[in-house]
Amino acid sequence: MKMHPGTSASEPRRVDTPRPSERDTRLQRAGRRRWPWLLALGLLAGAAYGLHATRAGREPAATEAPGKPIGQGVPVVAAAARQGDMPVYLPGLGSVLAFNTVTVKSRVDGQLVRVAFQEGQLVHQGDLLAEIDPRPFAAQLAQAEGQLARDQAQLKDARLNLARYRELVARELVAKQQVDDQSATVGQYEGAVRVDQALIDSARLQLEYARITAPITGRVGLRLLDVGNIVHASDPNGLVVITQLQPITVVFTIPEDDLPPIMRKLTAGEPLPVEAYDRANRNHIATGSLLTADNQIDQATGTTRLKAIFANEDGALFPNQFVNVRLLLDVRKGAVIVPVAAVQRGPQGTFVYVVKPDHTVDVRPVTVGPTTGTDTAIEAGLAPDDAVVVDGVDKLRAGSAVQVRAPERNGAAAKPGA
């Protein structure tokens, strides 16, 4: 072995190790820094998994009913089909109209000197409403009566003279022409008396028209003229408007396809009850009967107008009020009735989910009849006392297990039932 100069054979040989580079030093330092973060992330993941498992184990116990095993079925609300009388209503939209509406006008010209009513007052036929200054008409009446008295006196004198001429002509003391002339004079005075009598009647009528009375019984509206104004018979607005509210009518529309059965009953004289509801179609206002139908159909809308009459003794109906109307056309006896929410519609038609005794549901096709409010009649496919699902149908299929609950009341949570 070759020995380097200056070294002895007994000394061990020294091997030089390479110094680490700066890049390796940075990698080692970065690796030492990652370990605490990786450890912390692992601890957080373990804690989250444990919390999720704990909640998952507690949720079924909180949601399931006491005494019921987990996985009982889809919670639903069911109702039993019942048998009863099902009214067949025809709905419509209508407006209240006064039975009679009169715009009170003056028949003579003159100054308004008195208003005898209060706005909104209920007046009866013949009640005094207003008064026109009667003095000009009283003067005309007196003038006509004076003229009548004068002409009556002249007529009396003419008749006496005619009688004398007739005696004289019998003795051949006067010419017959004088008798004829006097007879014509009598006729003229008789005509003048008739004219005078007509003038008196006209003056009395004008004097009567100076007192304006109510032509109908009803409620007066707002006053259109005040005392002191000069009124004319040609005024377009008049003094006041009176509307008859008892009875009162409602005009409403129905589709033209529903008109034939209505006309058959009207022709036969059968009474058809009509119910009026408020704008929201929730509160019942009054009940009346169908009066008549219009004589034509509106081609633009395909509807026809009907008129119903209401006694309106409580004054609940008011002119121009908007109402929802229901016409009772027929009553089906012994119909199978279910809530409207129980009827479902699909590609195969209408059907219901029937709850069987083993707490599973069956899809039952049905034929739906008339619907009234929240109920509908089933003409075929369902029997009385069959339990049908009315809520919770979204997750149901044929044969699905269900858990029947009682319907919610007053916002309280539904209680599960068998």
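Mentor: Contact means heavy atoms within 4.5 Å. Keep in mind that this is a predicted model.

Trainee: What share of the contacts with a separation of 6 or more joins residues 24 or more positions apart?

Mentor: The share is 73%.

Trainee: What makes a residue of this chain count as buried, and how many do?

Mentor: The cut-off is under 20% relative accessible area. Of the 418 residues, 29% count as buried.

Trainee: Why is one set of residues called a nonpolar core?

Mentor: Such a set holds buried residues of kinds such as Phe, Ile and Leu, joined through side-chain atoms within 4.5 Å. The largest one here has 24 residues. Phe252, Ile262, Leu306, Phe310 and Leu317 have the most contacts inside it.

Trainee: What does Phe252 touch?

Mentor: Its partners include Leu93, Val274, Leu290, Leu306 and Val325. Another core, of 18 residues, lies apart from the largest one. Phe117 and Ile216 are among its residues.

Trainee: How do you know that helix 3 spans close to what is expected?

Mentor: The expected span is 1.5 Å times one less than the number of residues. Helix 3 (residues 176-209) has 34 residues, with 50 Å expected. From first C-alpha to last, helix 3 reaches 50 Å, so the span is close to the expected one.

Trainee: Which residues of helix 3 are buried, and what covers them?

Mentor: Val179, Gln182, Val186 and Val193 are among the buried ones. The cover includes helix 2 (135-170).

Note on methods: Residues numbered from 1 in each chain as written. Predicted model: local features only at pLDDT ≥ 70, side-chain atom pairs only at ≥ 80, totals over all residues. Heavy atoms only, no water. Buried < 20%, exposed > 50% of the residue type's maximum accessible area, 1.4 Å probe, protein only. Helix = DSSP H or I, 4+ residues; strand = E, 2+ residues; numbered from the N terminus. Lists of a residue's contacts leave out its neighbours within four places in sequence.
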